[in-house]
Amino acid sequence: MNGNGAAGLSPQIHILPAGEHRLLAGIGRIDPESLSSYRDQGGYTGLSRAIEQLGPEGVIAEIERAGLRGRGGGGYPTVDKWRAARASDGDAKVVVVNLMGADPTALGDRALAEGNPHQLLEGVLIAAFAIGASEAILAVRRDWSAAIERLRTAVREAEAARLAGYLVLGTDFSCQVSVWEGSGALVAGEETALISALEGDRGMPVIRPPYPTESGLRDAPTAVQNAETVAHAAWILSHSAEAFATVGSPASKGTRLVSIFGKVAEPGLLEVPLGTTLGAIVALAGGATGTLKAVFVGGAGGGALSADELDTPYDFEPLHEAGAGIGLGAFLVTDTSTCMVDTARFFLDWSSREACGKAVPCRIGTKRLVEALDRILAATPRPDDFVLLRQLSRKMADTALCHLEARAPGPMLTTLTRFPDEYRAHAERGECLAGACSAAPLPPLVAPLEGLDPAASAGR
């Protein structure tokens, strides 16, 4: 059963029922452009409770009891980041919310920004109050025009109602909130790269420490949070840590937004308790449309699990142990007509094109991996190509400047481990066991310059 979602959401985003709704509950019944509509559903009661009853330390304690972990992919405990930022010296602290859509297949952040922007804003203000920040920035990719417009409307409405800006709720807490537009890129998912972009530099990661919570935007202590994380914070302060912790796994409380697509009957956006099995998630999307072969979990930096691993919990540690990850919630279902080698090549090539170029192992290493896969797909492998795939991936992970570089080979490594016959068939016989790949040889990544004799240049 499909829902139509909130008015204004892009057509490809629709909400599927998934039992215990948390963040998606308001989408479709709250007018995203109306503060009164949000407040009629209990909106901003969490912010009021935080400021008027709990105080900063009480808010942090509430987040700790809830067991909230960051939804940006790593699952870092939110309370640890907030405590570190609050304890850092500095009068001008900042909260940055990452809505840059680093993974274009993940729809959750966009759905929240377009469908319930006040919930995001409330969560941002709670985070700012907890760490002692006087500034908050919502960093949004510039092609999400509806999200940008609605977030700015929400900020204006909240400021007029004394819920944001100067002397919030008539107290001495003030926080100026702005919406910043940036170019969507994979590297924008890395917090130090986003901070560099906010400062007007090219978005590239920097070596840590110091961490942003110590020295971030303009050298001020900065808490960079995923949008879904702060939306959960608003829910927790409105409903209590105990209510939040009733859902999820022992290690990971609450729900997660999952963008599921591929060979399923009802692709779209789900909200599922953490710990839900992969098989149950596929079932919630109407089931596979063919004979399920594998699920790619975590987007370009995730990995593939085979059909006989669908009892794996959708949770941070179990997926990490399986070579995958939650990422930003992307979930691709494939069937027996899907070539694992070609799919891995697609993900790796995309990561290679998205590389910012700062780290040599990432800038060059991803291209060498794509070239090796191209040779395998064309049945012209070098004798050491399979060794190269594993050794170069390991060296990239060992020398990675950011986690995007370290995880780029994930889809390739997991399919190579779980579907080795498909790699061998391509390499040895030029045969695609899935029957999906063309027999025509792949063109080279870089064509020879016109008028240049490749043979002659090779001897120079």
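Here are some notes on this predicted model, point by point.

1. **Ground rules.** Residue numbers start from 1 along each chain as its sequence is written, and side-chain values use heavy atoms, with hydrogens and water left out. Since this is a predicted model, local features need pLDDT of at least 70 and side-chain atom pairs count only at pLDDT 80 or more, while totals for chains, interfaces and linings use all residues.

2. pLDDT is the predictor's confidence in each residue, from 0 to 100. The chain averages 88, and 90% of its residues reach 70 or more. Among the elements, α5 has the highest mean pLDDT (98) and helix α18 (residues 454-458) the lowest (36). (Helices are DSSP runs of H or I with at least four residues, strands are runs of E with at least two, and numbering goes from the N terminus.)

3. **The two stretches to watch.** Residues 1-14 have pLDDT below 50, although the model gives this stretch 34 contacts beyond near neighbours in sequence. Contact here means heavy atoms within 4.5 Å. Residues 444-460 also stay under 50, with 8 contacts beyond four places in sequence. Where pLDDT is low, the predicted coordinates should not be read in detail.

4. **The main core.** A nonpolar core is a set of buried Ala, Val, Leu, Ile, Met, Phe, Trp, Tyr and Cys residues joined through side-chain atoms within 4.5 Å. Buried means under 20% relative accessible area, exposed means over 50%, and partly exposed is in between (1.4 Å probe, protein chains only). The largest core has 66 residues, and the members that touch the most others are Tyr44, Trp82, Val95, Leu99 and Leu120. Helix α5 (residues 117-131) supplies the largest share of this core, 10 residues. Another core lies apart from it, with 23 residues, including Val297, Leu310, Ala324 and Val333.

5. **Val95 up close.** If you click on Val95, look for its contacts with Val124, Ala127, Ala128 and Ile131, among others. Its list also includes Ala133, Glu135, Ala136, Ile137 and Ala223, leaving out residues up to four places away in sequence.

6. **Helix α14.** Which residues of α14 are buried? They are Asp385, Leu389, Leu392, Ser393 and Met396. These cover an arc of only 105 degrees around the axis, so they sit on the same side of α14. (The arc is taken from the directions from the helix axis to the C-beta atoms.) The face turned away from that buried side carries exposed Lys395 and Asp398. The cover over the buried residues includes α13 (360-377), α15 (403-407) and α16 (410-418).

7. **Salt bridges across the chain.** With a salt bridge taken as a side-chain nitrogen of Lys or Arg within 4 Å of a carboxyl oxygen of Asp or Glu, the count comes to 23. Arg69 pairs with Glu317, their closest N and O atoms 2.8 Å apart. This pair links distant parts of the chain, 248 residues apart: Arg69 is in the loop between α2 (45-66) and α3 (78-87), and Glu317 is in helix α11 (residues 316-321). Arg69 counts as buried at 12% relative accessibility, whereas Glu317 is partly exposed at 35%.

8. Arg345 and Asp374 form a salt bridge with closest N and O atoms 2.7 Å apart. Arg345 lies in helix α12 (residues 340-354) and Asp374 in helix α13, so the pair ties together parts 29 residues apart in sequence. Arg345 and Asp374 are both buried. Arg353 and Asp349 also meet in a salt bridge (2.7 Å, N to O), and both lie in α12, 4 residues apart, about one turn of the helix. Here Arg353 is exposed at 62%, while Asp349 counts as buried at 13%.

9. **Two more residues to look at.** Thr343 is in helix α12 and is buried at 13% relative accessibility. Beyond its neighbours within four places in sequence, Thr343 contacts Phe296, Leu332 and Thr338. Leu169 sits in the loop between α6 (145-160) and β3 (176-182) and is partly exposed at 26%. Leu169 and Ser48 are 121 residues apart in sequence, yet 7.5 Å apart in space, C-alpha to C-alpha.
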